[in-house]
Amino acid sequence: MATGRTHRPATRSRGIPEATVARLPLYLRALTALSERSVPTVSSEELAAAAGVNSAKLRKDFSYLGSYGTRGVGYDVEYLVYQISRELGLTQDWPVVIVGIGNLGAALANYGGFASRGFRVAALIDADPAMAGKPVAGIGVQHTDELEKIIEDNGVSIGVIATPAGAAQQVCDRLVAAGVTSILNFAPTVLTVPDGVDVRKVDLSIELQILAFHEQRKAGEETAAGDGAVPAAAKRASASGQGPDGDVPAVMPA
């Protein structure tokens with residue numbers, strides 16, 4: 001069985017832009033849904049709408065894969081699923097370790113999407129001795145003292161950090177030293193890693209803060225729109241430099 005340690009995706013060597021790589025999972029999700037409904041082909045417009053991008057960007061992204069579709073027919077759904085899965089390295093088994101089995105770590109362990117997308121949770125690791133041996137999602141939790149051995153025995157190259165912020169960097173350093181070269185970080189902190197190690201950060205609080213910003217802006221625009229409902233007579237008076245009664249300015253100079 002192939003593992004993540006000896007097989008790396010070909011995206012960088014083929015010169016596919018990082019922005020395109022980031023969109024490939026969106027296309028794959030949309031295509032998988034079509035495949036499950038036995039849809040044989042899809043147009044660029046339909047697929048782009050399902051993935052939340054514009055069709056011109058989708059066609060450009062697919063050109064990096066050497067896939068251009070057929071005029072009047074569209075793209076073959078099953079072939080694109082295979083092509084994108086291969087490009088993302090999902091046609092092989094990727095063993096993953098999750099470190100930090102609190103509420104978030106346990107939720108990640110129970111997430112059924114890992115196995116269906118080419119990832120196998122090889123081990124659950126926690127620093128709490130009381131957690132050792134406790135089954136979570138059918139997998140016994142192991143103590144952090146065994147981290148290096150677990151990584152070596154399972155050929156792990158992808159680690160997930162779901163620890164408190166204060167422990168995350170130390171865990172990261174141990175993962176990297178043991179041979180992990182890709183890290184998904186859920187801890188609310190920025191990790192420092194050497195060249196050659198990829199880190200993807202998932203911070204739910206930041207995403208919520210961004211949404212709060214947009215909500216505040218929308219509320220401000222609605223308020224401004226309400227305040228902007230000036231009576232027509234006042235608008236005419238303002239334009240002529242007179243007040244509503246036609247004799248004095250609406251706003252007197254200081």
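Predicted model: local features only at pLDDT ≥ 70, side-chain atom pairs only at ≥ 80, totals over all residues.
Biologist: Which exposed residues sit on the face of α7 turned away from its buried side?

Modeller: The buried side of α7 is made up of L147, I150 and I151, and these residues pack against β3 (94-99), β4 (119-126), β6 and α8 (165-177). The face turned away from that buried side carries exposed residues, namely K149, E152 and D153.

Biologist: Which residue follows α7, and what is its phi?

Modeller: Helix α7 spans residues 147-154. The residue that follows the helix is G155, with a positive phi near 60 degrees.

Biologist: Where does S38 lie, and what is its phi?

Modeller: S38 belongs to the loop between α1 and β1 (41-42), and its relative accessibility of 63% counts as exposed because the cut-off for that class is over 50%. Most residues other than glycine have a negative phi, and most peptide bonds are trans. S38 is a residue other than glycine with a positive value, its phi being near 60 degrees.

Biologist: Is A137 buried, partly exposed or exposed, and what is its phi?

Modeller: A137 is placed in the loop between β5 (135-136) and β6 (139-143). With a relative accessibility of 38%, A137 counts as partly exposed. A137 is also a residue other than glycine with a positive phi, near 55 degrees.

Biologist: How many aromatic pairs are there, and what geometry does the pair of Y27 and F62 have?

Modeller: The count of aromatic pairs comes to 3. For Y27 and F62, the centres are 5.0 Å apart and the planes stand at 75 degrees, and this pair is edge-to-face.

Biologist: Which parts of the chain does the pair of Y27 and F62 tie together?

Modeller: Y27 is buried at a relative accessible area of 0%, and F62 likewise counts as buried at 0% relative accessibility. Because Y27 lies in helix α1 and F62 in helix α3 (residues 55-64), the pair ties together parts that are 35 residues apart in sequence.

Biologist: How are helices α2 and α3 oriented to each other?

Modeller: The axes of α2 (residues 44-51) and α3 come within 8 Å and cross at roughly 100 degrees. Angles of 65 to 115 degrees fall in one class, which means that α2 is, relative to α3, roughly perpendicular.

Biologist: Which residues form the contact of α2 with α3, and how many of them are nonpolar?

Modeller: On the side of α2 the residues are S44, E45, L47 and A48, and they meet S55, L58, R59 and F62 in α3. By class, this contact of α2 with α3 has 2 charged and 2 polar residues, and the number of nonpolar residues is 4.

Biologist: Is R23 buried or exposed, and which residues does it touch?

Modeller: R23 lies in helix α1 (residues 18-36). Its relative accessible area is 17%, so R23 is buried, the cut-off being under 20%. Not counting residues up to four places away in sequence, R23 touches V53, K57 and D61.

Biologist: How many helices and strands are in the protein chain, and what share of its residues is buried?

Modeller: The protein chain holds 10 helices and 9 strands. Among its contacts with a separation of 6 or more, residues 24 or more positions apart account for 57%. Of the 254 residues in the protein chain, the buried share is 36%.

How values were computed
Residues numbered from 1 in each chain as written. Heavy atoms only, no water. Helix = DSSP H or I, 4+ residues; strand = E, 2+ residues; numbered from the N terminus. Buried < 20%, exposed > 50% of the residue type's maximum accessible area, 1.4 Å probe, protein only. Contact = heavy atoms within 4.5 Å. Phe/Tyr/Trp six-rings, centres within 6.5 Å; stacked < 30°, edge-to-face > 60°. Axes fitted to C-alpha atoms, helices over the stretch in contact; angles between N-to-C directions. Parallel < 35°, antiparallel > 145°, perpendicular 65-115°, else oblique. Nonpolar A, V, L, I, M, F, W, Y, C, P; charged D, E, K, R; others polar.
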